[in-house]
Amino acid sequence: MKFIFADSLDYVDPAFDFIADRSPAERQPYWDDAYPHEILGYAPYDGVLVSRGIVGDHRVKGKYTASQARRFRLVGARKFLRLDKPEFAHLEIFGDCGAFTYVQDERPPYTPAEMAEFYDECGFTHGASVDHIIFDFDAGLVGMAGGSAEARQRFDITLENAEGFLREARAMDADFTPLGVVQGWSPDSMADAARRLVAMGYDYLALGGMVPLKSPEIKLCLEAIRHAVPASTRLHILGFAKADDIDSFHGYDISSFDTTSPLIRAFKDAKQNYYLPGDGLALRYFTSIRVPQAIENPKLQRAVKKGMFRAEDLVRLEALALGALRAFDRDEAELEETLHHVLVYSAPLFEEKPHEDCKDSPTLARLAQRYRATLTERPWKQCSCKICRDAAIDVIIFRGSNRNKRRGIHNLAVYQDHIERLDLKRAVEPSDDLPRRLCAAEQ
Amino acid sequence: MTYLAVCAQQSSEHKVLSFAAKAADVLRFATIDRIGRDAQGELNGFQRPQVAAHIREIRDYLEKPDAVLPNPIVVAFTERVSVEELETGVVRLSIDMSAGAPGLVVDGQQRLSALADLDRDFQVFVSALICRDEAELRRQFVLINNTKPLPKSLIYELLPTVGDLPPRLSRRSTASDLTARLNFENTALRGYIKQHTCPEGIIADTVMQKIIMESLSNGVMRELIRGPKGVERCVRLVSNFFEAVKKTWPEAWHGQKPNSSRLLHGAGIQAMGDVMEVLAERAGARSVEDFRDGLASLKDKTAWTSGEWHLEGEVRRWNSLQNVNRDVALLKHYLVGLVKADLRRKAKLAPAPLLESTPAPS
């Protein structure tokens with residue numbers, strides 16, 4: 001099972017100075033920054049997925065600047081991602097449309113021909129057909145029942161585009177492997193789409209629209225699709241948000257999936273921000289410690305603008321919190337004292353009140369409990385990856401993209417190991433006991 | 001706290017005086033009064049929030065041993081100061097600190113914030129203004145901070161002659177230097193670029209700098225400028241490209257102005273900047289002839305001076321394209337698409353190479 005990382009310019013500055021809290025003045029974004037495979041010294045994934053919607057163009061505003069997007073299209077994905085070295089030659093580069101960026105539109109903004117051209121021109125190894133997301137998933141519907149008029153229209157658009165896309169890819173003798181995207185409003189409608197994609201000639205299918213679905217729902221879809229297509233048909237899950245749950249998906253013979261979850265959980269989750277390998281095949285999670293930049297954090301700045309806090313006071317509390325954490329890391333400060341400084345600075349952020357006025361609030365109590373667990377365990381000292389060795393306690397501080405994305409990249413590395421352990425486990429177990437696995441997964 | 005100060009005769013209503021003080025001391029006798037509202041909704045204070053990036057840039061500069069800061073921090077007082085005349089024009093200023101800092105920083109808060117973090121004994125000039133009341137003090141703040149900035153094109157033209165600039169400006173400086181060379185050396189664009197010192201130019205200098213900066217940061221000039229004779233080669237590249245443009249569309253170039261030809265307009269120049277990148281990067285174009293070959297496919301598909309543009313699903317009158325992001329992006333996409341299609345066609349027509357194809361020269 002291949003773990004494909006969905007990138008959206010997720011790099012960090014290797015020269016970032018944690019003490020001065022800044023990049024060198026002459027830093028040039030992208031050029032002086034390092035992708036996960038550069039900062040770790042190896043690729044913590046089997047491939048990278050780039051969405052056209054993330055790159056952006058004159059219709060869809062992406063995450064790339066216009067000049068980065070132009071460069072991407074001029075030099076190709078591999079060179080742009082700096083995967084053009086022999087040690088990364090085995091990595092696959094998947095492309096898709098990024099259907100979430102045009103989810104509101106009546107039709108996708110791209111034609112099958114221009115997407116095929118885009119993949120070919122940019123040197124993708126795999127390219128997904130032009131799909132349109134269907135909402136209102138209902139696991140209970142049987143056969144082709146149900147589905148709103150809009151869902152059915154999107155179903156037809158996705159299949160029509162898949163047909164055109166395969167034709168274009170063949171006509172241009174494209175170098176990439178085309179993936180037919182499955183969209184549907186129920187397991188059976190997806191199975192029908194999958195059957196038709198196979199009939200068109202696809203032998204690699206990608207399941208779209210999985211992001212809002214819960215794990216058991218995704219499994220129902222996979223099961224229906226697996227019944228409808230030959231065993232040789234490979235399956236990819238697009239935007240697999242339930243990446244932590246991947247061990248329960250083994251029985252479905254998934255060839256590959258893409259996700260960005262381990263990275264973004266580092267800074268978009270309320271508590272599970274830092275990964276470590278756990279007992280058996282599990283992962284362990286820790287909450288990162290929020291110390292935002294006093295004069296850059298939008299919420300604190302809003303409070304300063306309104307006159308609720310003085311900027312100078314916030315700066316002082318911020319320095320106390322950071323100083324205490326560093327001292328704690330050097331064994332020069334006690335846990336409770338450190339925690340206190342962090343919480344005093346957390347009060348304006350979480351409660352918009354001075355610490356004195358809200359120190360017993362449930363929010364701060366919850367925070368204190370999670371922070372205490374993190375500080376007690378010192379997980380950053382339990383990891384030997386290059387990031388944790390270099391950044392020490394800063395990897396666990398929730399503050400700015402350089403710390404947050406470093407933590408995310410560390411998570412990618414832990415996650416890749418996790419996937420490998422699962423694969424190894426599968427290799428020594430009989431692989432034909434699907435029913436038992438299905439039951440085990442639902443428990 | 002007391003300071004010896006010089007006093008200027010300016011107004012009978014206010015006293016104005018000047019002295020040198022350490023930044024840390026300024027922050028002891030004066031506070032930065034940020035604008036906000038109290039519980040009753042009354043407005044108080046006046047300073048904007050700190051701007052982190054701005055402070056960082058000032059700090060980078062002040063860390064250098066040869067840094068100077070000749071312009072003063074302006075501090076206003078309405079009470080708790082006394083001025084004793086020692087001799088004509090020289091006074092002793094006494095600041096009563098018993099009830100906290102009586103002064104308010106009217107100008108220079110970002111500089112002070114930068115200095116506050118700086119581990120260095122650095123004195124600044126303080127201009128102190130003693131005024132009647134808070135209202136007068138705010139009036140001074142508005143007047144002092146409402147100055148008209150210098151025209152950008154003047155600053156940009158000066159940049160190449162100034163050393164040791166913050167990186168933000170030094171990248172602009174390189175682009176400004178290349179632009180000036182294109183305008184004043186023997187190039188296809190000589191005299192064409194409107195600069196502060198070349199007001200009769202036709203193409204906006206900021207637009208020319210924009211395409212150059214893009215190329216320097218993510219395009220063909222990035223490598224080029226680092227090589228031997230980098231600056232000359234960059235100037236030559238742009239010159240050769242625009243020479244080819246002139247030869248391809250002479251009627252849309254000669255004697256035209258931005259309002260009569262979109263080719264000389266911000267939208268056209270920016271879009272052509274992208275075309276230059278594609279031809280240089282994908283086809284290895286460097287000479288006038290290389291670029292002319294590449295531009296030939298566009299010749300009859302433009303509407304620089306009349307007619308209509310047929311931009312995917314959108315028909316636009318020639319003069320309805322404006323120098324706004326959306327229009328520029330649309331035009332870029334259209335022209336670059338045609339050029340790339342042409343390059344693909346040529347690649348297919350080319351006989352299969354006997355040997356492994358050599359990479360395009362860069």
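**Where chain B meets chain A**

Visitor: How many residues does the contact take from chain B and from chain A?
Guide: Keep in mind that this is a predicted model. The contact draws on both chains, with 31 residues from chain B and 28 residues from chain A.

Visitor: And how much area do chain B and chain A bury between them?
Guide: The size of an interface is often given as the accessible area lost when the parts come together. Here 45% of that area lies on carbon and sulfur atoms, and chain B and chain A bury about 2,800 Å² in total.

Visitor: Which residue of chain A forms a salt bridge with K340(B)?
Guide: Across the interface of chain B and chain A there are 7 salt bridges. A salt bridge needs the nitrogen and oxygen within 4 Å. For K340(B) the closest N and O atoms are 2.9 Å apart, and the partner is E121(A).

Visitor: On the side of chain B that touches chain A, how many residues are charged?
Guide: Elements giving two or more residues to that side include α2 (52-62), α6 (167-184) and α13 (325-349) of chain B. The residues there divide into 9 nonpolar, 7 polar and, for the charged ones, 15.

Visitor: What about cysteines: how many disulfides are there over all chains?
Guide: A disulfide needs two cysteine sulfur atoms within 2.5 Å. For C97(A), the nearest cysteine sulfur, that of C122(A), is 13 Å away. For C131(B), the nearest, that of C7(B), is 14 Å away. Over all chains the count of disulfides is 0.

Visitor: Is C97(A) buried or exposed?
Guide: Buried means under 20% relative accessible area. C97(A) has a relative accessible area of 0%, so C97(A) is buried.

Technical notes
Residues numbered from 1 in each chain as written. Chains lettered and ligands numbered in written order. Predicted model: local features only at pLDDT ≥ 70, side-chain atom pairs only at ≥ 80, totals over all residues. Heavy atoms only, no water. Contact = heavy atoms within 4.5 Å. Buried area = accessible area lost by both parts, 1.4 Å probe. Salt bridge = Lys/Arg side-chain N within 4 Å of Asp/Glu carboxyl O. Helix = DSSP H or I, 4+ residues; strand = E, 2+ residues; numbered from the N terminus. Nonpolar A, V, L, I, M, F, W, Y, C, P; charged D, E, K, R; others polar. Buried < 20%, exposed > 50% of the residue type's maximum accessible area, 1.4 Å probe, protein only.
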